[in-house]
Amino acid sequence: MAVPSVPASAATDVEQAMFDFVDAYNQAWEAAANEHGLSTAHACVLGRVETRRSMGELAEELRCDASNITQIVVRLEARELVRREPNPEDRRSRQIVRTPDGDDLYEAFEESFEFPRAAAANLTAAERAQLTALLRKAMRG
């Protein structure tokens, strides 16, 4: 997925800092995914199926079309990283679950995705707590 390298409009200092952080995060996510032979979307879906999810739930959570999720799941199934199983509460529907190989690959991906830990390590414990509180406050709006 291509991510813009500059903000869409002139930004304030805080907007520019937020953009820079998100851009660096996205680039690190993409690099970690590529390191494990995944696209960014495949890594995202693989992470979301740590617990059972229906295709519809995945599409809603990721704010994308169900057909996109279907294509991603088909590719992950071909690599034996996920499988479709009957929903124990409604046998007519299917849910996506990670396989043991999917668990192993996603664990390796998470270990190689160091950006959030490395960025947080630049802050003191008090600064991390403050940043957490400020981000949560900003997201309430």
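The model is predicted, so local features need pLDDT of at least 70 and side-chain atom pairs count only at pLDDT 80 or more, while totals for chains, interfaces and linings use all residues. Residues are numbered from 1 along each chain as its sequence is written, and side-chain values use heavy atoms, with hydrogens and water left out.

Let's start with the overall layout. The protein has seven helices and two strands; these are DSSP runs numbered from the N terminus, with helices being H or I of at least four residues and strands being E of at least two. Along the sequence the pattern reads α-α-α-α-β-β-α-α-α. The C-alpha trace spans about 50 × 30 × 30 Å along its principal axes.

Now to the helix packing. Two packed helices are described by the angle between their axes and the distance between the axes. Here axes are lines fitted to C-alpha atoms, for helices over the stretch in contact, and angles run from 0 to 180 degrees between N-to-C directions. The axes of H2 (40-48) and H4 (residues 66-78) come within 10 Å and cross at roughly 85 degrees. H2 and H4 are therefore roughly perpendicular to each other (angles under 35 degrees count as roughly parallel, over 145 as roughly antiparallel, 65 to 115 as roughly perpendicular and the rest as oblique). On the H2 side the contact (heavy atoms within 4.5 Å) is made by Ala-41, His-42, Val-45 and Leu-46, and on the H4 side by Ile-69, Ile-72, Arg-75 and Leu-76.

A second pair is H1 (residues 13-35) and H5 (residues 100-112), whose axes come within 9 Å and cross at roughly 140 degrees. That angle makes H1 oblique to H5. From H1, Trp-29, Ala-32, Ala-33 and Glu-35 meet Tyr-106, Phe-109 and Ser-112 of H5.

The strands come next. S1 (residues 82-87) and S2 (residues 90-98) run antiparallel and are joined by six bridges; two strands pair if DSSP finds at least two bridges between them. A hairpin of two residues links S1 to S2. Within this pairing, Arg-84 has Ile-96 in S2 as its bridge partner.

Leaving aside neighbours within four places in sequence, Arg-53 is in contact with Arg-48, Leu-58, Glu-61, Gln-95 and Ile-96. Its side chain also makes a polar contact with the side chain of Thr-51 (2.4 Å). A polar contact is a pair of N or O atoms within 3.5 Å; within protein, one must be able to donate a hydrogen and the other to accept it, and residues adjacent in sequence count only if both atoms are side-chain atoms.
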